[in-house]
Amino acid sequence: LYASAIESAGAGDLLLQTEILKDKLDAEGLFNPDTKAKLPTLPATIAIITSPSAAAYHDMLHVITRRWPIAKVQLVPTSVQGSEAPIEIVDALNAADDLNVDVILLGRGGGDVEDLAAFNSENVVRAIAATTTPLVSGIGHETDFTLADFAADVRAPTPSAAAEMATPDHKSLREKIYVDSERILEAVASKIQMSSMKLDEIDGMLRALSPTNAIQNARQRLDHLSSISVSGIRNNICAKRLTLEKFDHLLFSLGPDATMDRGYAIVTRVGTTEIISDPDVISKGQLLDVLVAKGKFEVEVGKTPSQE
């Protein structure tokens, strides 16, 4: 058997060409993971690049409506297989990138290698790599890989999975918002309580150091000392009064009036205040005033001790 050339039967030659193109584009950096864009967390607008009659379009639309119904979806139609598909896909990619949407979904259903050949086209892969809008590829089934998947920012195993990866679940998001709101309220309430306690502590310190409080305390001490002083003075006066009354009673009991009440008398010369305490200074016939408790009377001296 003489052979001048050997070719792989069936899809073998197509796969070989794809591998050669993959190595070439990879060497140029089109598949570099460091250049991949991150998907938006809350996309408001989504562009879908696929055939409008394909089941993949309805599957992606259903997932978006279920998970993130507030998103505005715009279809950019294109054929997804055949000789004209690569050109149409490139045009659709350029058109979607100009729409200023948040994310692009590129998808089609499963098929054999020939059916997915458009997504291994060099022009399509370069157009995907040049797209500035984040792009998710969902081409074929989970086991299918195309060069478009390597160039895309995110690869999904199916079109439905691409729509799911590009959108948040509004139910889970609502629940997360509720839980986060409760945590925020608890954190704020705790912060307010701690701040209030700190404020009360500072207020107590300020009150303790306040001049008004110091004056009030001094006034209270002054009132206390004043009360003690007044009470002490009152008690001292009472004690002095008792002592004075005691001496007054003593003086009264020793005074001339009390003495005369007991029968004693005061004798003076008539018309004078000279008190006669010695009988030798008087003479017979002399007039004397005699002061007794009930009054005064005059007497004449009849005999003195020196005349006896």
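**Reading a helix pair and a sheet**

Guide: In this predicted model, the crossing of helices α2 and α6 is right-handed.

Visitor: Which quantities describe two packed helices?

Guide: In general, a packed pair is characterised by the angle between the helix axes and by the distance between those axes. Here, α2 (residues 55-67) packs against α6 (residues 159-166) at about 30°, and their axes lie 8 Å apart. Angles under 35 degrees count as roughly parallel, and therefore α2 and α6 are roughly parallel to each other.

Visitor: Which residues of α2 and α6 make the contact?

Guide: Helix α2 contributes A56, D59, M60, V63, I64 and R67, while α6 contributes P159, S160, A163 and E164. By class, the residues of this contact comprise six nonpolar, one polar and three charged.

Visitor: Let us turn to the sheet. In what order do its three strands lie?

Guide: The order is β6-β7-β8, in an open sheet with antiparallel pairing. Strands β6 (266-269) and β8 (295-300) form the edges, each pairing on one side only. On average, neighbouring strands of this sheet are turned by 30° against each other, with direction ignored.

Visitor: How many bridges join β6 to β7?

Guide: Four bridges link β6 with β7 (residues 287-292), and the two strands run antiparallel.

Visitor: Which residue of β7 stands opposite I266?

Guide: The residue opposite I266 is L291 in β7.

Notes
Residues are numbered from 1 along each chain as its sequence is written. This is a predicted model: local features need pLDDT of at least 70, side-chain atom pairs count only at pLDDT 80 or more; totals for chains, interfaces and linings use all residues. Side-chain values use heavy atoms; hydrogens and water are left out. Two strands pair if DSSP finds at least two bridges between them. Axes are lines fitted to C-alpha atoms, for helices over the stretch in contact, and angles run from 0 to 180 degrees between N-to-C directions. Angles under 35 degrees count as roughly parallel, over 145 as roughly antiparallel, 65 to 115 as roughly perpendicular and the rest as oblique. A crossing is left-handed if the near helix is turned anticlockwise from the far one by less than a right angle, and right-handed if clockwise. Contact means heavy atoms within 4.5 Å. Ala, Val, Leu, Ile, Met, Phe, Trp, Tyr, Cys and Pro count as nonpolar, Asp, Glu, Lys and Arg as charged, and the others, Gly among them, as polar.
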